[in-house]
Amino acid sequence: MKSARTLVLLALLMPLSALAQTALHDGQGNALPDTSSAKSSEGFSASMVVTADPEWQQKWENPVNGVPRFELATEVKEGGSLYILSFLANPKLDAAGMAQVRCDLRITRPDGSLSGDEHDLPCFVTQLDTDPNSVYLSSVGMKFTAEAGDPKGTWTVAINVRDTLRNVTIPLQSSFEMR
């Protein structure tokens, strides 16, 4: 991976337990249907957002009306950047209140070759002092910067979010066009 696309284990995000938001439901409290980028299994939920908004972290930490809003991005031009974020809700906790969620991250170029392939990353390994049903920002994400020479076409991002205590893996996928 080029340095501009280096996997960022978003350690700069502050302690994860302080970043909880409301659960994966619509404004009326109805559970959201599964999509390729947002799914639930056995009570565990995960989602992925691709946004071009450089203010995403500010919106997450200081949401308007209690709910952060991210504009989804589907394309990027040379010199532009995208932020790939992953979220989860309701991880199973062990007897000590620890969540054990790990992730795999794969970025595939338009020609099918890999730009990045990381496995078994600790994306949410923490003790929770807040409601596990809240939505939490995972520590696995990345900033993608479109550079000269990058292949044009559809890039695919896949994140497997694995609740190791529940023995559940949620595969997420999204894509964007490099123009």
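**Salt bridges and one aspartate**

At 46% relative accessibility, arginine 179 counts as partly exposed, a term that covers values between buried (under 20% relative accessible area) and exposed (over 50%), computed with a 1.4 Å probe on protein chains only. Before I go on, please keep in mind that this is a predicted model, in which local features need pLDDT of at least 70 and side-chain atom pairs count only at pLDDT 80 or more, while totals for chains, interfaces and linings use all residues. Residues are numbered from 1 along each chain as its sequence is written, and side-chain values use heavy atoms, with hydrogens and water left out.

Which residue forms a salt bridge with arginine 179? The partner is glutamate 75, and the closest N and O atoms are 3.2 Å apart, where a salt bridge means a side-chain nitrogen of Lys or Arg within 4 Å of a carboxyl oxygen of Asp or Glu. Arginine 179 lies in the segment after β11 (168–178) and glutamate 75 in strand β4 (residues 75–76), so the pair ties together parts that are 104 residues apart in sequence; strands here are DSSP runs (E, at least two residues), numbered from the N terminus. Glutamate 75, at 37% relative accessibility, is also partly exposed.

By this rule there are seven salt bridges, including one between arginine 166 and aspartate 163, at 3.1 Å. Here arginine 166 is buried at 18%, and aspartate 163 is buried at 0%.

Finally, aspartate 34 lies in the loop between β1 (7–8) and β2 (38–41), and its side chain reaches the backbone nitrogen of serine 40 at 3.1 Å.

Definitions and conventions:
Helix = DSSP H or I, 4+ residues; strand = E, 2+ residues; numbered from the N terminus. Polar contact = N/O pair within 3.5 Å; in protein donor to acceptor, adjacent residues only side chain to side chain.
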